[in-house]
Amino acid sequence: MHRRKFLHRASLGTAAALLAPLLGVGRARAAEAAPLWAELLEYARWSPSPHNVQPWKLQVVSATEARLYYDPARLLPHTDPTSRFTVAGLGMFIECLRLAALTRGLALSAQQAAEPRLSYSATGLQLFATLHLAPTTTPAALDRELIRQRKTSRLHYDNREIPLAVQHRLSAIAATYGHTLTFTNEPAMVSFILDLNRETLFTDLDDPAVRTELASWVRTSDQQAATQKDGLWSHCMGFPGRLMHNFFFHSERFRSAWKRRILGKVYTHSMHGTTTVAWLQGPFGTRPDWVQAGALLQQLWLEMTRHNLYLHPFGSVITNPAAYTKFSQRIGQAPATEPAWLLVRLGYSQEPPRSYRLTVNDILLHA
Ligand SMILES: Cc1cc2nc3c(=O)[nH]c(=O)nc-3n(C[C@H](O)[C@H](O)[C@H](O)COP(=O)(O)O)c2cc1C
């Protein structure tokens, strides 16, 4: 059934090419090669993505080749209208596959499809990149188990400062990608960012289009989260499931000022112990930039994980134009070629809950 659906989705131009590996010798070759790719996916499926949408699907062609597709039904037209953050997520996913392959003595290269942004109108799976594996003697610089350990922490942080040596190491990684990573622990600046993020989040959620899109990705019961294996589980967001459900599906109940104030206080309280915020600036104008930025973000996040350091992205401040202007003015205008594209709080916390993921079987396109 999967195969029929997939072939139906493939455009006419690519159907002949897609058929070959799915039939006869090609099919046998793909089946034999699947365990290796499945092993790499067992790591990459833990890659983060905006709202945990996990837009990826993988079709194994041979032991050395696979096609990475994205599912247009898993995109965010209102909260990521240019697709830049979803593409960065796909870049993070490729980076995880690459790191997982290195441990097996394999170098992974990706040949990107040419479209400048993801298609929101397409109805079937769309090719994102063709992946190739080749033997290499380059050792893995990072332990691939970090991919499975990494998590977003929306918990309280514990006020601890981030050692300068760790900050320098992270900034040096950013510099190798041509980006600048700036940290601040100046209390006035940290408060400014936390307040701006809270205000922006609630302003964004007043927009019916944004709220409706987000509502389709919130998972407000344990059973729903475990069954769907994607999206934003209330447990990971630090909100009681019932409250989150009512907020998204009965927003009229939250219009009064006093309820808003209480919600704002709950959210502010969840940021307790945050002493450091950081932002990344660098090329973020084109699809290849977004893929590279994703690879960088994955490297940084894994290096932080190695130091037991957690982060929590503040995406709304970047995507909401009014908030972005306030933020840019505060940090000092950067050249247009080096916009700030990621803002996070970071620090040390208890171990956060693990968000669900689709299984390898869900991601693999079966012949
Ligand atoms: C590009 C990008 C932007 C993100 N923006 C936000 C954000 O604005 N707020 C937030 O709480 N989490 C954000 N996240 C974190 C994801 O929601 C998270 O990675 C996903 O739910 C999976 O959870 P995990 O990181 O704990 O595995 C972002 C992740 C990525 C990759």
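**Ligand site and nonpolar core**

Because domain 1 (2-146 + 357-363) and domain 2 (152-347) both give residues to the shell around the ligand, the ligand lies between them; the domain bounds come from an automatic or database domain assignment. The model is predicted: local features need pLDDT of at least 70 and side-chain atom pairs count only at pLDDT 80 or more, whereas totals for chains, interfaces and linings use all residues. Residues are numbered from 1 along each chain as its sequence is written, and side-chain values use heavy atoms, with hydrogens and water left out.

**View 1. The shell around the ligand.** The ligand is surrounded by 17 residues, of which R150, T152, R154, G315 and R357 are the closest; a residue is near if one of its heavy atoms lies within 4 Å. By class, the shell comprises 6 nonpolar, 7 polar and 4 charged residues, with Gly counted as polar.

View 2. An N or O atom in the side chain of R357 lies 2.7 Å from a ligand oxygen atom. For the side chain of S355, the distance from an N or O atom to an oxygen atom of the ligand is 3.1 Å. A ligand nitrogen atom is 3.1 Å from a polar backbone atom of P313. The ligand taken alone exposes 620 Å², and the protein buries 90% of that (Shrake-Rupley method, 1.4 Å probe).

**View 3. The largest nonpolar core.** This core has 95 residues, being a set of buried (under 20% relative accessible area) nonpolar residues joined through side-chain atoms within 4.5 Å. Among those with the most contacts inside the core are W37, F128 and F327. Helix α4 (residues 84-102) supplies the largest share, 11 residues.

Methods
A polar contact is a pair of N or O atoms within 3.5 Å; within protein, one must be able to donate a hydrogen and the other to accept it, and residues adjacent in sequence count only if both atoms are side-chain atoms. Buried means under 20% relative accessible area, exposed over 50%, partly exposed in between (1.4 Å probe, protein chains only). Helices (H or I, at least four residues) and strands (E, at least two) are DSSP runs, numbered from the N terminus.
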